[in-house]
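Colleague: I have a structure open and a few quick questions. Can you take me through it?
Modeller: Go ahead, and we can go piece by piece.

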Amino acid sequence: MSRPAAILNAPWDDQARQREAMRFGVWLFLAGEILFFGGLLLVYAVARYVDPEGSLAGARETDAAYGFANTIILLTSSCAMTIAERAAKQGLERVASAGLWIAFTLGAAFLAVKGFEYRQDLQENLFPSGRAFRLDQAGAARFWAFYWVATLVHMAHLIAGLGLIGRLIALGRLERGVGRRWMAVEVTSFYWHFVDAIWIILFPLLYLAGKGG
Amino acid sequence: MTKEQKRYVVRAPLIGLAALIGLVSLSAGWAYAPFAPAKLEVSLACAALMLAVVLVVFMEFRRAGALVRVTALAGCVWLSFLFLQTLGEIASR
């Protein structure tokens with residue numbers, strides 16, 4: 001299975017070196033992101049260790065239906081991105097374009113579902129600030145502080161990912177396909193899978209903890 | 001699209017997606033099952049397996065070069081230091 005000739009950017013003068021540099025660069029970034037999200041997850045672990053009952057009382061209030069729906073949406077989006085990446089590497093322009101559009105649309109659908117969920121959370125006074133917050137345990141407030149920070153930071157990463165996929169879609173329209181940009185599709189795909197991986201970790205911690213009695 | 005391309009481009013990612021949906025359904029089902037034991041452990045084990053599927057099937061990590069492997073490993077090693085030192089300090093209070 002041969003790959004189309006990729007566009008070379010300065011200072012690279014051959015495809016192999018450019019690809020190695022791009023993969024190294026994105027993984028270096030992702031390693032930093034692992035540490036960033038790791039710090040956040042550590043906050044969750046400590047909060048749960050310090051006050052397990054309060055933490056679980058907070059977790060019982062999340063709506064797992066929204067979380068589950070968004071997990072399926074994001075996993076499917078990641079699958080579409082993989083198909084786009086592999087199709088771009090094979091020069092299958094129409095499949096690559098369809099994969100990018102599906103990944104983008106599902107990413108936008110994730111944001112829409114999260115918006116509905118945030119509205120419900122706010123209507124139910126689950127923002128841990130002031131007297132309006134309806135849970136009285138300190139651990140529950142810590143859980144909800146983690147919920148808002150983690151999901152908003154994740155959402156910021158997802159919006160950045162949508163921008164990167166949107167850029168590829170725009171380039172694909174201008175250049176009649178993304179086959180020559182397959183390296184850019186590959187590193188964008190890595191980033192998108194990372195956003196998916198973070199959600200895979202957040203889902204059980206935020207939506208499944210404390211459920212089912 | 002040749003048969004080989006169809007398998008690599010479409011079928012393999014769809015099989016990965018099916019595995020991921022199966023694992024997340026298991027995780028959610030177990031969490032809601034009344035009196036099911038080790039709920040946190042099962043949900044985290046499912047999450048770990050899902051991460052492995054994403055890494056192996058979607059990101060093709062097995063094909064990564066030595067530089068990429070060392071970079072990813074370095075991130076995980078530093079993360080383990082962060083967790084071990086913090087949780088060790090809290091547990092020993």
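Colleague: Take α2(A) and α5(A): is their crossing left-handed or right-handed?
Modeller: The crossing of α2(A) and α5(A) is right-handed. Keep in mind that this is a predicted model.

Colleague: Which residues make that contact?
Modeller: From α2(A), the residues are Glu53(A), Gly54(A), Ser55(A), Ala57(A), Gly58(A) and Ala59(A). On α5(A) they are Ala138(A), Gly139(A), Ala140(A), Arg142(A), Phe143(A) and Trp144(A). Sorted by class, the contact of α2(A) with α5(A) has six nonpolar, four polar and two charged residues.

Colleague: What angle do α2(A) and α5(A) pack at, and how far apart are the axes?
Modeller: Helix α2 of chain A covers residues 52-59 and helix α5 of chain A covers residues 138-174; they pack at an angle of about 55°, with their axes 7 Å apart. The two helices are therefore oblique to each other.

Colleague: And α1(A) against α6(A), what angle there?
Modeller: About 15°, with the axes 10 Å apart. Helix α1 of chain A is residues 15-50 and helix α6 of chain A is residues 182-208. Angles under 35 degrees count as roughly parallel, and α1(A) and α6(A) are therefore roughly parallel to each other.

Colleague: Left-handed or right-handed, for α1(A) passing α6(A)?
Modeller: α1(A) passes α6(A) in a right-handed crossing. By class, the contact of α1(A) with α6(A) has 14 nonpolar, one polar and three charged residues.

Colleague: Which residues of α6(A) does α1(A) meet?
Modeller: Met183(A), Val187(A), Phe190(A), Tyr191(A), Phe194(A), Ile198(A), Ile201(A) and Leu205(A). Those on the α1(A) side include Met22(A), Val26(A), Leu30(A), Phe37(A) and Leu41(A).

Colleague: Switching to the core. How many residues are in the largest nonpolar one?
Modeller: The largest nonpolar core has 77 residues. Among those with the most contacts inside it are Ala84(A), Ala103(A), Ile198(A), Leu202(A) and Met50(B).

Colleague: Which elements supply at least two residues of this core?
Modeller: In chain A, they are α1, α3, α4 (93-123), α5 and α6; in chain B, α1 (3-32) and α2 (39-58). The largest share, 18 residues, comes from α6(A).

Colleague: What does Ala84(A) touch?
Modeller: Leaving out residues up to four places away in sequence, Ala84(A) touches Ala96(A), Gly99(A), Leu100(A), Ala103(A) and Val185(A).

Colleague: Now the contact between the chains. How many residues does each give?
Modeller: Chain A gives 42 residues and chain B gives 44 residues. On the side of chain A that touches chain B, α1(A) gives the most, with 14 residues. That side has 27 nonpolar, ten polar and five charged residues by class.

Colleague: In chain B, at what angle do α1(B) and α2(B) cross?
Modeller: Roughly 170°, and their axes come within 9 Å. That makes α1(B) roughly antiparallel to α2(B). Among the residues that meet, α1(B) has Leu20(B), Leu23(B) and Trp30(B), and α2(B) has Cys46(B), Leu49(B) and Met50(B). By class, this contact has 16 nonpolar, three polar and one charged residues.

Colleague: Last one, chain A overall: how many helices and strands?
Modeller: Six helices and zero strands. The C-alpha atoms of chain A fill a box of roughly 60 × 30 × 30 Å, taken along the principal axes. Of its 213 residues, 44% count as buried.

How values were computed. Residues are numbered from 1 along each chain as its sequence is written. Chains are lettered from A and ligands numbered from 1 in the order in which they are written. This is a predicted model: local features need pLDDT of at least 70, side-chain atom pairs count only at pLDDT 80 or more; totals for chains, interfaces and linings use all residues. Axes are lines fitted to C-alpha atoms, for helices over the stretch in contact, and angles run from 0 to 180 degrees between N-to-C directions. Helices (H or I, at least four residues) and strands (E, at least two) are DSSP runs, numbered from the N terminus. Angles under 35 degrees count as roughly parallel, over 145 as roughly antiparallel, 65 to 115 as roughly perpendicular and the rest as oblique. A crossing is left-handed if the near helix is turned anticlockwise from the far one by less than a right angle, and right-handed if clockwise. Two residues are in contact if their C-beta atoms, placed from the backbone, lie within 7 Å. Ala, Val, Leu, Ile, Met, Phe, Trp, Tyr, Cys and Pro count as nonpolar, Asp, Glu, Lys and Arg as charged, and the others, Gly among them, as polar. A nonpolar core is a set of buried Ala, Val, Leu, Ile, Met, Phe, Trp, Tyr and Cys residues joined through C-beta atoms within 7 Å. A residue is buried if 20 or more other C-beta atoms lie within 10 Å of its own, exposed if 12 or fewer, and partly exposed in between; C-beta atoms are placed from the backbone.
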